[in-house]
Amino acid sequence: MTAPKPTDTPHTPDATDATQPEPGGKAAAPRRRTFGLGAATALVMGNIIGGGIFALPATVAPYGGVSLLAFVVLSVGAVLLALLFGKLARRSPVTGGLYVYPRDAFGPFAGFLSAWSYWTMCWVSIAALAVAVVGYVDVLIPLHGNHTLEALVALAALWLPAAANFAGTRWVGTVQVVSTILKFVPLLLVATVGLFFVDADNFGPFNASGDSVPGALAASAALLLYSFLGVESAAVSAGEVRDPERNVGRASVLGTLGSALVYILGIVAVFGLVPHDKLIDSGAPFADAVNAITGGSWGGTAISLVAVASITGCLNGWILMAAQMPYAAARDGLFPAPFAKVGKGGVPGFGVWACVVLGTLLIALNYTAGPDTTFRVLVLITTFTGCVPYLLSAAAQLYWLARGTREQVHPAGLARDLTVAALSFAFSFWLIAGAGYAAVYQGVLFLFAGIPVYVWMRGRQVTEEAPA
């Protein structure tokens, strides 16, 4: 059997196939694609705008104003990735996009590495988001530094969205739309109104890191990437999207542009409203910015409510993402079989349980070892583990374009697609380099830890196929 031509759309067994058999040999009932363009766009925006805009201004403040430039560069790179995923979704409009694209181009091992890396990033990220809720809950209900209470708040923030996932994808989409509206409108309002109260003296030095400007730009961008994870949401959940050939790309671009607008305006407002020396030590920078506008504490309380709703909604979408990637790999026999089981609501239940349990263990480790030890190291690894699937997907697109002929690809379209894929590859590579030696070293260890899983699953798969 020859490989599909670049103009073909390779068929991938997916949960949306009416004829795909269940493990027992019975024909599975077809699943409905429940996400329209609006819900898919909300999924992208809801996953991008989570804890990042509320927590990261203080994280990158030590770098100075250069981090604002890093936000602009990241916004451009995120739009390039959105365009890339839209093109790839036209070829393979199925669930598990960032796993499917490298698998179709380079084989099952590349697909597995992408899926394993992305899955690792997901369950580490949901733990990070759950912990990000704690700082804003502390503004509403003082926790007085009690680690037990903080851990309970983080666990509640993790398990409540998980319950929505167990209820089914329809509930996930509804929660995403509602939570996105709840956070997008107030954040945009604050970001625009706050610009009228900006004090230029609050911005501090352009480069406060003591490093070169390119070095500070790359380092701050590597941290800020955490705030843009989620641009691939529609591509990963393409099996749930109606008319994915069109809507995945449109939702990815619209969601990324909307998020970038909120991010840039919001971060400029925070930097200009909170003095630089205070921002570095702020536990709730956006609340401090609103308090600077209102001159009291009620504004900070209101934005803390928005932050809690925003991060909870983001967790709702990320838990679904964490289940969808291993689901797609499990259907190919590259992840354990329980990950391929789908509940009545259309959600891979075992995948949800797995990521939530792992996130729970990570939260417990965080509050046992201390927030500034193991947990911070793991969060930094998300930059590496998140960029590996981006890098492989961009490489897959370059591969398909290299296989094309002049009869199959129009020169103008080839030049455009080649530019998007090449810049996406370079952007992902730059972010990995900016993550630093420690993050890359530890990220590679996490990545290679999955190889024994692949060896076992692939070996069993070949053994079972041999008699046939």
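**Group meeting talk: helices and a few residues**

The axes of helix H12, residues 285–294, and helix H13 come within 7 Å and cross at roughly 145°. That is my starting point. Why quote an angle and a distance for two packed helices? Because two packed helices are described by the angle between their axes and the distance between the axes. Keep in mind that this is a predicted model.

Stay with this pair. The crossing of H12 and H13 is right-handed. Which residues meet there? On the H12 side, they are Phe286, Ala287, Val290, Asn291 and Thr294. On the H13 side, they are Trp298, Gly299, Gly300, Ile303 and Ser304. Sort the residues of this contact by type, and you get five nonpolar, five polar and no charged.

Now step back to the whole chain. How many helices and strands does the protein chain have? There are 18 helices and zero strands. The chain has 468 residues, and 55% of them are buried. Next, the contacts between residues at least 6 apart in sequence. Of these, 83% join residues at least 24 apart.

Take H3, residues 66–91. H3 has 26 residues, so at 1.5 Å a residue it should span 38 Å. The C-alpha atoms at its ends are 38 Å apart, which agrees. H3 is mostly covered, with 19 of its 26 residues buried.

Helix H8 runs over residues 213–224. Which residues of H8 are buried? They are Ala216, Leu217, Ala218, Ser220, Ala221, Ala222 and Leu224.

Let me zoom in on single residues. Ser75 sits in helix H3. Is Ser75 buried or exposed? Its relative accessibility is 6%, so Ser75 counts as buried. A polar atom of its side chain lies 2.8 Å from the backbone oxygen of Phe71. Beyond its neighbours within four places in sequence, Ser75 is in contact with Phe228, Ala260 and Ile264.

Thr385 lies in helix H15. Its relative accessible area is 2%, so Thr385 is buried. A polar atom of the Thr385 side chain is 3.4 Å from the backbone oxygen of Thr382. Leave out residues up to four places away in sequence, and Thr385 touches Ser117, Tyr118, Thr120 and Met121.

Leu398 is also in H15, which covers residues 374–403. Leu398 has 26% relative accessibility, so it counts as partly exposed. The cut-off for buried is under 20%. What does Leu398 touch, not counting residues up to four places away? Leu418, Ala421, Ala422 and Phe425. Leu398 and Val420 are 22 residues apart along the chain, and their C-alpha atoms are separated by 9.5 Å.

Last residue: Phe335. Where does Phe335 lie? In the loop between helix H13, residues 298–331, and helix H14, residues 349–369. Phe335 is buried, with a relative accessible area of 2%. Setting aside neighbours within four places in sequence, Phe335 is in contact with Phe112, Ala115, Trp116, Trp119, Pro326, Ala329, Ala330 and Met457. Look at Met457 in that list. Phe335 and Met457 are 122 residues apart in sequence, yet 6.7 Å apart in space, C-alpha to C-alpha.

That is my last slide.

Definitions and conventions: Residues numbered from 1 in each chain as written. Predicted model: local features only at pLDDT ≥ 70, side-chain atom pairs only at ≥ 80, totals over all residues. Heavy atoms only, no water. Helix = DSSP H or I, 4+ residues; strand = E, 2+ residues; numbered from the N terminus. Buried < 20%, exposed > 50% of the residue type's maximum accessible area, 1.4 Å probe, protein only. Contact = heavy atoms within 4.5 Å. Expected span 1.5 Å × (residues − 1). Axes fitted to C-alpha atoms, helices over the stretch in contact; angles between N-to-C directions. Left-handed = near helix turned anticlockwise from the far one by under 90°. Nonpolar A, V, L, I, M, F, W, Y, C, P; charged D, E, K, R; others polar. Polar contact = N/O pair within 3.5 Å; in protein donor to acceptor, adjacent residues only side chain to side chain.
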